[in-house]
Every structure is written in C-alpha cells, then in structure tokens.
Amino acid sequence: MKELVSRVQQLIATSKGTWGIVLQDLNSGERWEYNEQELFYAASVIKVPIMASVYSAVERGDLVLTDLIVLDEKDYVGGSGVLQHFTPGSSLPLQDIIMLMIIQSDNTATNLLIDLVGVENIQQTMKEAGMEYSTFYNKLMLSKPNPKGANRIAAVDIAMLLHKLSIGDLVSRTASEQMIVVMKKQQVRDCLPEKLPSPYTDFDHGMTPWELANKTGWIPGTRHDVGIFYVGDRKLMATVLSKDEDDLVSKRILSQIGEEIYKYLQ
C-alpha cells in the first residue's frame, strides 16, 4: 500500500486546498490517515448517516420500507434531485425516498427523511457509530441554519461509518447489506470513479470488473467522495474530503486518486 499512499501524497501536494483522507485495505487491514480529524463542511456526505438513522428506525419497528411518503410542495427545496419537480400529492415508498437521497443526492428526499426520524435520532446514530468529531444540526438548502452549528464531518468519522458498514456492523448485518446495495447504485460518478473503466466495458482485456458503494458531497470550494471499492475479490475503503480548492482541481485530484486506488486493487 506504500506506493498507493505515495501517489496520493503526490497528488494532494499539488493542491492549495486542505484534504482529509483515510484509506484502508479491507483485505490486509493496512490503513493510512491524513488530517483525519480535520473538520469539513459535510455537504451531501451527511446523507450516509441519515440513511443509517432511517434504517435504525426500520430496525426498531418505527418505520417500514414500504411506508408511503406523500410529497407536499412546502417540503420542496432546490439543488440536487428530482422530487422537487414531482406533482405535489404524489406518494413514494420510503425505500425509494432513501434511494433518491443517496443515488441522486436528492435534497428534498433528504429533508423528508430528516423530518421522519428527527435530528436527535440522527445525532444518536452518529454517536453510536463512533463519529466523535462530526456534527449534524441542519436540514439541507435552508436559508437560516441552526445557530448551534453546521453539519460537519471528519475523515476518521466517515471511515468509522464505512468500516462498520463493510463488516455488517452499522445498525445490523441486514441493514448494512441493504445500505451497500443502495450506495452501489450511485449515479453521481464524477469524482473517485470518473477515470475507472466503464461498467459496460468488455473486461476480457485485463481490466478487472469493479463496483463502488459511494456518496459524494459538493458545495463551491468543498468536494468529497467516500465509499467502498470492490475490485475482483479485493476491497478498499476510501474517505477523501477537500476544502478551499478550485472545484475543477479538486474534482480532477479526486478522480486521479480513484484511478490510483483501482490500479492498486487490480
């Protein structure tokens, strides 16, 4: 893993921004941390612990994945996602709302789920997962944030969440498996996996098939991608957070880091 770490260090050395990174080979257990306790604005990466909190409510019997959620126009917010364009009064199963929050980073879906489980339950899920430094206070796309603080994450906390997910220890084994299935359907693929061979490639020419259960986060000046790589029979957990960098530069570096991870796992 030394060569992978060296390549990642070279890539972030070209950046004027701040990076927080945790990489862990889930086969060998080798791990590398860099600025792992540094706090970053969470952006849409916060949707992973929100998803875990919803599955925790399902596990408790408070919710059922087939429960129908009715869309109300007052809940519509801008930014990512399609629900804001749906006809008010439409209804979707809870499972589909979770799916849209993760694979399209749908902000309206996210806020519906926050209302459903409550801020305190999400904070409790984060605490139970061992997220020591990260904070959650706010729904998304609101003009008046909570005076208590912002949604913030540290790479070490997201890595803890992903590791629990990878070993079936986030909420429960069944819930962990279901969450990974959702994250593998991710449609926002412009960061870590951007330079990877197309999933529709003919893999008979030496390229190893891959999957990535990931979630991105972006606001101007801040760009993240976190997830679990599956390449052949190998797995690697990657948390890559960035701030104070040009958006095109951070996107390029993230895609190059993803390419190096893929090469390492092949």
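This note goes through the predicted model in numbered points, from its overall form to single residues.

1. Basis. Because the model is predicted, local features need pLDDT of at least 70 and side-chain atom pairs count only at pLDDT 80 or more, whereas totals for chains, interfaces and linings use all residues. Residues are numbered from 1 along each chain as its sequence is written, and side-chain values use heavy atoms, with hydrogens and water left out.

2. Overall form. The protein has eight helices and nine strands, where helices (H or I, at least four residues) and strands (E, at least two) are DSSP runs numbered from the N terminus. Its radius of gyration, taken over C-alpha atoms, is 18 Å, which agrees with the value near 18 Å for a compact globule of 266 residues, the globule rule being 2.2 Å times the number of residues to the power 0.38. The C-alpha trace spans about 50 × 40 × 35 Å along the principal axes.

3. Burial and surface. Of the 266 residues, 52% are buried, a term that stands for under 20% relative accessible area, with exposed for over 50% and partly exposed in between (1.4 Å probe, protein chains only). The protein exposes about 11,900 Å², and carbon and sulfur atoms supply 49% of that area, as computed by the Shrake-Rupley method with a 1.4 Å probe. Among contacts with a separation of 6 or more, 66% are between residues 24 or more positions apart, contact being heavy atoms within 4.5 Å.

4. The sheet. Five strands form an open sheet in the order β2-β1-β9-β8-β7, with antiparallel pairing; two strands pair if DSSP finds at least two bridges between them. The edge strands, each pairing on one side only, are β2 (31-34) and β7 (210-219), and the twist averages 5 degrees from one strand to the next.

5. Pairs within the sheet. Strands β8 (residues 222-231) and β9 (residues 234-243) are joined in the antiparallel sense over ten bridges, and phenylalanine 229 has leucine 236 of β9 as its bridge partner. Between β1 and β2, also antiparallel, there are four bridges, and leucine 23 stands opposite tryptophan 32 in β2. The hairpin of β1 and β2 has five residues between the strands, and glycine 29 there takes a positive phi near 85 degrees.

6. The helix across the sheet. Helix α8 (residues 247-265) lies across β1 (18-25), β7, β8 and β9, and runs at about 15 degrees to β8; axes are lines fitted to C-alpha atoms, for helices over the stretch in contact, and angles run from 0 to 180 degrees between N-to-C directions.

7. Helix α5. In α5 (residues 119-128) the buried residues are Ile122, Thr125 and Met126. Seen down the axis of α5, these fall within an arc of 100 degrees, so they line one face of the helix, the arc being that of the directions from the helix axis to the C-beta atoms. The buried residues of α5 pack against α2 (47-60) and α4 (107-117), while the face turned away from the buried side carries the exposed residues Glu120, Lys127 and Glu128. Glycine 130, which follows α5, has a positive phi near 85 degrees.

8. Glycine 17. This residue is found in the loop between α1 (2-13) and β1, and at 17% relative accessibility glycine 17 counts as buried. Not counting residues up to four places away in sequence, glycine 17 touches Lys243, Asp244 and Glu245. Glycine 17 and proline 147 are 130 residues apart in sequence and 27 Å apart in space, C-alpha to C-alpha.
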